[in-house]
Amino acid sequence: MRVDIRWFLARLNANYWFYPALFALVAVLLAFGLIQVDRMGAAEWLNRVEAIVPARPEGAANMLTVIAGSMIGVASTVFSITIAAVAYASGTYGPRLLTNFMEDKGNQLSLATFIGTFVYAITVLRSVRTGEEPPAGTDQAIATALPGFVPQLSLLVAYLLMALSIAVLVYFLNHIPSSIRINSVLEGIGRRLLRDIADNYPDDHNGGETPPAPEGRPLTAQATGYVQLIEFDELQEIAEEAECQIALEVRTGDFVHAGMPLIRICEGSVDEQVGEKLRGAFTLGSTRTPTQDPRFLIDELVEIGLRALSPGINDPFTAITAIHWLGAAIAELGLRDLKRRREDHPDGDRVEPLPDTFNHFLHRSFGTMRSGVAVSPAAALIMFNALRTAAEPLPDRARKEMLRLQGEKLYEQARHCLDGPDLETIEDRYATFRQAFAN
């Protein structure tokens, strides 16, 4: 249950409709609150401020009508521009980037501001009454000294919201073209990847890799989909209650189907009720997400790089930028203990995650890109540099050797793809690469 709530809150914050709906609700509450303040006469002092000319009913109605009409029009345009940008980005850089743009807070909050201003203006407009209209109650008849009822404070706030919306529109018009620039896209993915690595693997590497867990009886899945979230603390609590030791058979981002092992019961035993609780600590869905899954962001960088190196696009400089961010991520992973840590428990750690090895991440990134990079001399030279600089700060000789082997495989691949002066350049760089690892 806890994992479902956690996942719901995470997805709620990422959905495109959440902030517009929230801002619309806040706008309604704000409008009703300020209208009530105006009806009680608490804003009467505004009529005595020389800089603020009190509005008449007809002028107030016209102003609120214009604000409401323009805001809903701008909101529609903003949504159309966002969809066009998303379609361009997903078609050019890869369909998996659709999630990144839909979760963009700049797009969400811009649309939410226009929707909130529209709802506020419409709500205030319904309270404006001309002198010819009969009041709904005696308290409304004495709300202001002007004929009819004009909520002066509410109208002033509507004007301020209009000014805020104009500022947000200017920001949005600058944000959209900036957000679909390939360097900005790669920077956003790369920085999020570095943050996720630090969050998922907070401990420094102390040498060696995590040994595999002992064998045990498998607990199989009963549903199909991608593992989107694993609640490790909930698994720990269930294992403590059942007095058993469990080892995970899947990572976040893996695809599972009915009958596929989720967990191995290494020590102790569990009944069907405990088994259902253990299955409930896994959230399955139709797509992968970046939550708890740095490999998803690595795959996005690799996809952009390989697309850029494809014969139809032939953009090695985009691939070079992707290699730079992958190199930074690999260097960070090389310094980390890749065993996921959880909070201390009084009865010891009863949950053994599936080990994340450095070689696994290295193959997932540079290993996957190698065939595409080998045909581009410019990209291959940068990958040699990225592998060398990623190895420099690493204290672990075994991980340095893994990086050296990736460089050797890249060289062997390039020898089959290049010839002439391009191959000679690669051979010179590879010689420098080997010398750096020999020191």
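Let me start with two helices: the axes of helix α13, residues 358-373, and helix α14, residues 377-391, come within 10 Å and cross at roughly 155 degrees. Angles over 145 degrees count as roughly antiparallel, and α13 and α14 are therefore roughly antiparallel to each other. Their crossing is left-handed. On the α13 side, the contact is made by Leu362, Phe366, Met369 and Val373, and on the α14 side by Ala379, Ala380, Met383, Ala386 and Leu387. Sorted by class, that contact has nine nonpolar residues, no polar ones and no charged ones.

Before I go on, please note that this is a predicted model.

Now the other partner of α14. Helix α15 covers residues 397-417, and it packs with α14 at an angle of about 170 degrees, the axes being 9 Å apart. The classes here are nine nonpolar, two polar and one charged.

Ile426 is found in helix α16, which runs over residues 420-438. Is Ile426 buried or exposed? Buried means under 20% relative accessible area. The relative accessible area of Ile426 is 0%, so Ile426 is buried. What does Ile426 touch, leaving aside residues up to four places away in sequence? The answer is Pro377, Ala380, Leu381, Phe384, Tyr411, Ala414 and Leu418. As for Leu381, its C-alpha is 6.7 Å from that of Ile426, while the two residues are 45 apart in sequence.

Helices α11 and α12, the latter made of residues 316-334, pack at an angle of about 155 degrees with their axes 8 Å apart. α11 and α12 are therefore roughly antiparallel to each other, and their crossing is left-handed. In α11 the contact residues are Ile298, Leu301, Val302, Ile304, Gly305, Ala308 and Leu309. In α12 they are Pro316, Thr318, Ala319, Ala322, Trp325, Leu326 and Leu333. The contact of α11 with α12 has 12 nonpolar, two polar and no charged residues.

Gln292 sits in the loop between β6, residues 282-285, and α11, residues 294-309. Most residues other than glycine have a negative phi. Phi of Gln292, however, is near 60 degrees, a positive value. Glu243 is another such case, with phi near 55 degrees. Glu243 is found in the loop between α9, residues 232-242, and β3, residues 245-248. Which of these two is buried, and which is exposed? Gln292 has 11% relative accessibility, so it counts as buried. Glu243, at 62% relative accessibility, counts as exposed, because the cut-off for exposed is over 50%.

One more residue, from earlier in the chain. Thr113 is found in helix α5, residues 105-125. With a relative accessible area of 11%, Thr113 is buried. Not counting residues up to four places away in sequence, Thr113 touches Phe23, Leu164, Ser165 and Val168. The C-alpha atoms of Thr113 and Leu169 are separated by 9.3 Å, and these residues are 56 apart along the chain.

Finally, the protein as a whole. It has 16 helices and seven strands. Of its 439 residues, 48% count as buried. How much of the contact set joins residues 24 or more positions apart? Among contacts with a separation of 6 or more, such residues account for 82%. The accessible surface comes to about 20900 Å², and 57% of it belongs to carbon and sulfur atoms.

Methods: Residues numbered from 1 in each chain as written. Predicted model: local features only at pLDDT ≥ 70, side-chain atom pairs only at ≥ 80, totals over all residues. Heavy atoms only, no water. Helix = DSSP H or I, 4+ residues; strand = E, 2+ residues; numbered from the N terminus. Buried < 20%, exposed > 50% of the residue type's maximum accessible area, 1.4 Å probe, protein only. Axes fitted to C-alpha atoms, helices over the stretch in contact; angles between N-to-C directions. Parallel < 35°, antiparallel > 145°, perpendicular 65-115°, else oblique. Left-handed = near helix turned anticlockwise from the far one by under 90°. Contact = heavy atoms within 4.5 Å. Nonpolar A, V, L, I, M, F, W, Y, C, P; charged D, E, K, R; others polar. Areas by Shrake-Rupley, 256 points an atom, 1.4 Å probe, with all protein chains shown as cover.
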